[in-house]
Each structure stands twice: as structure tokens, then as C-alpha cells.
Amino acid sequence: MPLKESAFHILSALAAEPTHGYGIMKDVEQQSGGAVRLRPGTLYAVLAELVEDGLIEIAAEEVVQSRLRRTYRLTASGAQRLADEVERRRAAANTAGRRLRNSGLLAGGGAA
């Protein structure tokens with residue numbers, strides 16, 4: 001089953017390094033070119049699902065300015081799931097690009 005867009009970006013952010021919620025939100029926004037902006041409610045709901053599914057885990061907890069800050073990290077299962085999703089998306093993009101090139105709809109054959 002394909003990953004939700006938000007889960008894909010969160011796993012990608014955590015593949016770089018363990019980080020906390022705000023860091024994940026900023027990374028997702030950056031890696032998506034601003035197309036995906038996670039609100040805190042969405043972020044923490046998806047993080048809870050990913051923890052429950054064993055794709056990420058809590059790496060550390062600390063209190064910062066009287067608030068609990070959790071740092072999350074990718075698990076081995078999460079890394080494999082992300083790798084599978086990257087391959088699925090790559091194959092779909094290759095198929096779409098090939099079809100577009102063969103359609104003749106792009107001037108000059110296109111560079112899809």
C-alpha cells in the first residue's frame with residue numbers, strides 16, 4: 001500500500017537524521033519546495049501512526065521551555081518502507097515519462 005504524501009516526506013526527513021517535530025516540519029517544507037506544509041495536528045497524528053507501525057521510534061525526550069520535546073528516528077523497517085516507496089514512485093514516474101514522450105504531445109519530443 002502506498003505511503004501517504006505526509007508520511008513519505010516525514011520518513012524522508014528522518015532518513016537524514018533524527019530530529020524533533022518542528023525540525024521535521026521545516027525539512028518537509030524545504031524538500032517539497034513549499035508544496036507540503038504540515039500543520040502540527042497533522043504532523044503529530046502521522047508521527048503517532050508511524051511509531052505505532054514501527055517505522056519510526058522516539059530517540060530522545062527532553063524538556064525545553066517547560067515543554068516536552070521528542071526526537072524521532074527512522075527504524076530499519078522504516079528505512080526499508082521508504083526505500084520501497086521510492087522505488088514505487090520512481091517506476092510510476094518512469095512509466096508516465098515514457099508515455100508522455102511517446103504521445104507526441106510535447107514539442108521536440110520532450111525531456112520527461
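Angles under 35 degrees count as roughly parallel, over 145 as roughly antiparallel, 65 to 115 as roughly perpendicular, and the rest as oblique. This is a predicted model, in which local features need pLDDT of at least 70 and side-chain atom pairs count only at pLDDT 80 or more, while totals for chains, interfaces and linings use all residues. Residues are numbered from 1 along each chain as its sequence is written, and side-chain values use heavy atoms, with hydrogens and water left out.

Helices (H or I, at least four residues) and strands (E, at least two) are DSSP runs, numbered from the N terminus. Two packed helices are described by the angle between their axes and the distance between the axes. Axes here are lines fitted to C-alpha atoms, for helices over the stretch in contact, and angles run from 0 to 180 degrees between N-to-C directions.

How do H2 and H3 cross? Their axes come within 11 Å, at roughly 105°. H2 and H3 are therefore roughly perpendicular to each other. Contact means heavy atoms within 4.5 Å. Gly21, Tyr22, Ile24 and Met25 of H2 meet Pro40, Leu43, Tyr44 and Leu47 of H3. By class, this contact of H2 with H3 has 7 nonpolar residues, 1 polar and no charged. Ala, Val, Leu, Ile, Met, Phe, Trp, Tyr, Cys and Pro count as nonpolar, Asp, Glu, Lys and Arg as charged, and the others, Gly among them, as polar.

H3 (residues 40-52) also packs with H1 (residues 5-16), at an angle of about 75° and with the axes 10 Å apart. That makes H1 roughly perpendicular to H3. Ser6, Ala7, Ile10 and Leu11 of H1 meet Leu43, Val46, Leu47 and Leu50 of H3. The residues of the contact of H1 with H3 divide into 7 nonpolar, 1 polar and no charged.

Now the sheet. It is open, with 3 strands in the order S1-S3-S2 and antiparallel pairing. S1 (19-20) and S2 (56-64) stand at the edges, each with a single partner strand, so one side of each has no neighbour in the sheet. Two strands pair if DSSP finds at least two bridges between them. S1 and S3 (residues 67-74) are joined by 2 bridges. His20 has Thr71 of S3 as its bridge partner. H1 packs on the sheet and touches S1, S2 and S3, its direction making about 85° with that of S3.

S2 and S3 pair over 8 bridges. Val64 stands opposite Arg67 in S3. The hairpin of S2 and S3 has 2 residues between the strands, and Gln65 there takes a positive phi near 50°.

Last, the pockets. On a 1 Å grid over the protein atoms alone, a pocket is an open set of points where a 1.4 Å probe fits, with protein on both sides within 12 Å along at least five of seven lines; lining residues have an atom within 4 Å of a point. Grid points are joined across faces, edges and corners, and a volume is the space filled by probe spheres set on the points.

The largest pocket has a volume of about 420 Å³. Of its 13 lining residues, Tyr44, Arg67, Leu68, Arg69 and Arg70 are the closest to the centre. H2 (21-31), H3 and S3 each give two or more residues to this lining. S3 supplies the largest share, 5 residues.

The second largest pocket holds about 190 Å³ of space. Its lining includes Met1, Ala7, Val46, Leu50 and Arg81. H3 gives the largest share here, 3 residues.
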